[in-house]
Amino acid sequence: MPKSELTDIPAFAATQLSLLDAELQAELSETNALLSSHTPTALSRAGLAILNLNVSSIRTGLGGKPVVELALDPAVVAKGEKSDIPEHGIRTGDIVAIQDQPAGSAKKTEKRELANEGVEGVVLRVRRENIEVVLDKEDADTPSGSKLWIVKLANDVTYKRMNQTMTKLQKLEDQEYTPFMRVLFGQASPTPIPTDVNDPSNPLHNLEWHDPSLNDSQKEAIKFALTSREIALIHGPPGTGKTHTLIELILQLLKQKLRLLVCGPSNISVDNIVERLASQKVPMIRLGHPARLLPSVLNHSLDVLTRTSDAAALVQDVRKEMDDKQSSIRKTRNAKERRQIYTELKELRKEFRVRERGCVENLVKGSKVVLATLHGAGGFHLKGQEFDVVIVDEASQALEAQCWVPLLWVKASKLVLAGDHLQLPPTIKSLNTKDAKAAKKDNKKGDKTTDRKSKGEEDVEGNAESAVKSAAPSITLETTLFDRLLALHGPSIKRMLTTQYRMHEKIMRFPSAELYDSKLVAADFVKARLLKDLPYAVQDTEDTREPLVFWDTQGGDFPEKIEDDGIGKGSKGMSLGDSKSNDAEAALVKMHVRNLIDAGVKADDIAVVTPYNAQVSDPPCMIAWRLRFRSSARLTALYNSWLSYPRCLKRRFRALSWDP
Ligand SMILES: Nc1ncnc2c1ncn2[C@@H]1O[C@H](COP(=O)(O)OP(=O)(O)OP(=O)(O)O)[C@@H](O)[C@H]1O
């Protein structure tokens, strides 16, 4: 077998490390350029900073770190007005600096200065009236100035973890590679799946479905995932019930008394599964900070369980004592007293960590299903724990290095990936650099081979070696684990879900033909569904009886504008908001939406989707829609010229589906 980045583990890890470094540098330089070339006022207008804040409270969060709550300085709130923080783009999980606020017009806000003068932390919760930040350093002294600002920094936390993971992989000795890992690197073929269902050791022996409504392709995918020894890929095009299928798979694996780690690249992908498992009354633990979880899954979060379980009382005592100390620091101005309190806090933190760790360990070890983001699975809670199966949902949205976080820090011997490698891969910034563009160009040939392979299942069935030879693309960050495994082992390691439950047949036809070898089938209850048949009074018009409408906007009457953010370009030519808009197209969309509303379609059932921010926000008519349709959850199929870009197209088709 030829040695390549696909099969040689140290070479693979080294490539990943250099690609991750390039990506991190791209992110850091983008942030630095923005921060150094814009005033605080401009950054705030662009949503990257919040000005005029005060510390309203400090408490102790998970891990003993201080959580700072910031609210708008009362001095800047007009009498009788609400003290809501103005619109901004800072979200839970963002890395921010908290700093004494410079003059609004001050130029050159260097990242260097931010790190030196302020403190850094992660945003925990964003509310209308305040924002909570957990500080990186336990003994960080929050700036005490009367007016603070927070500014978004590049997020290097996920890189650090991926970096540690790839470094660990790179350093493993040959004898440390498990048989499972050898399959993941094509150094061994997957174990053939057992076929005798009468054999009591076959997982399909006496198989009974929990959900009788599963379709044939879903059942086949589950059977395959149950019987495969090392890897199983579940390929789920949009709306084909990927998550639905995973729930049944999880229930079946639990019936076999197996211990499972279930991950996804984002919190929402994980919470989606927690919600569905909760409705099946499955006991489980969701790792991750509660501020990032959906309210509906909180009862399963480790944080809540460490407060409510029996062992939790011991932790709570110390937590309370630490909170009291934190607030006393803020009350005292005497330096000696402050130092004394810091020393006591340090001791309490040690105690807190020991107790918390004990409580957490008991809870996690006792759980048959643990759910976390890929990143979160690399936290200390799971280090070295054994799981029979690791399941990753939305696997084609994750960088491969991210998928290795659970695979390397826990002990696992089987992996199930669910995803769709034919939809958008994760967003990569460094691909815009010259070197990366060249690398991408080089890979094009390899990609074509991989694509062809994943479409035409027959040609490479079961022939891993020839697959490696023919595909052998060198790796970019966009090459997901899903892609690489398909390139290594061919389509015999995957099963595709083929019935989709979201789109009218006509909407489905194009993506099905272009991306899925015309294999998609529309479920009976969606295949002929039209707006005029909505369960409330909608007139039968030419707009409501067509599931798909094309408006041709090519040509001189629809000129495109490049908009900037209205605050000018910075000294390094970096603008906060270069984006495209097209007033005439906007007017067309507006007219179409108006027709639908006049026919009786509810505004809440309409969503307008565009790839450009400027098209959403700038033309006056678009602003009007945004206000009106803010709560839109569903969509009418409306296409315009930019749909011809293949990438947008994939994204659009994802968005263009709607639930009944
Ligand atoms: N066998 C089935 N019978 C009826 N409805 C189903 C079946 N499988 C899935 N669905 C429905 O199809 C819709 C899509 O399912 P699900 O969200 O699991 O799909 P997905 O592939 O994960 O979606 P996405 O495209 O968002 O990734 C849901 O409304 C679900 O209830």
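Two strands pair if DSSP finds at least two bridges between them, and I start with that rule because much of what I will show you this morning is about strands. Helices (H or I, at least four residues) and strands (E, at least two residues) are taken as DSSP runs and numbered from the N terminus. With those two rules in hand, look at E69, which stands opposite E132 in strand β5.

Before going further, please keep in mind that this is a predicted model, in which local features need pLDDT of at least 70 and side-chain atom pairs count only at pLDDT 80 or more, while totals for chains, interfaces and linings use all residues. Residues are numbered from 1 along each chain as its sequence is written.

Let me begin with the whole chain, which contains 21 helices and 21 strands. Of its 660 residues, 38% count as buried, where buried means that 20 or more other C-beta atoms, placed from the backbone, lie within 10 Å of the residue's own, exposed means 12 or fewer, and partly exposed is in between. Among the contacts with a separation of 6 or more, 73% are between residues 24 or more positions apart, a contact being two residues whose C-beta atoms, placed from the backbone, lie within 7 Å.

Strands of a sheet pair through backbone hydrogen bonds, either parallel or antiparallel. Six strands here make a closed barrel in the order β1-β2-β5-β4-β3-β6, and the pairing is antiparallel. On average, neighbouring strands of this sheet are turned by 50° against each other, direction ignored; the axes behind such angles are lines fitted to C-alpha atoms, for helices over the stretch in contact, and angles run from 0 to 180 degrees between N-to-C directions.

Which strands pair with β5 over five bridges? The link from β4 to β5 is a hairpin through three residues. Strand β5 covers residues 130-135, and because five of its six residues are buried, this strand is largely enclosed by the rest of the structure.

Strand β1, residues 49-60, holds N52, whose phi is near 60°, a positive value in a residue other than glycine. N52 is partly exposed, with 19 other C-beta atoms within 10 Å. You may compare N206, which lies in the loop between α5 and α6 and has a positive phi of about 60° although it is not a glycine; N206 is exposed, with 9 other C-beta atoms within 10 Å.

Helix α10, residues 312-331, lies across β1 and β2, running at about 130° to β1. What do the buried residues of α11 pack against? They pack against α9 and α10, and those buried residues include L345, F352 and V360.

Strand β7, residues 231-235, is joined to β15 by three bridges, and I234 stands opposite R495 in β15.

Finally, the ligand. Which residues are the closest to it? They are G241, K242, T243, H244 and Y501, out of 14 residues that surround the ligand, a residue being near a molecule or strand if its C-beta atom, placed from the backbone, lies within 6 Å of it. The shell divides into three nonpolar, nine polar and two charged residues; here Ala, Val, Leu, Ile, Met, Phe, Trp, Tyr, Cys and Pro count as nonpolar, Asp, Glu, Lys and Arg as charged, and the others, Gly among them, as polar.

Helix α7, residues 242-255, gives the most to this shell, with three residues. Among the buried residues of α7 are K242, T245 and L246, and the helix is followed by K257, whose phi is positive, near 65°.
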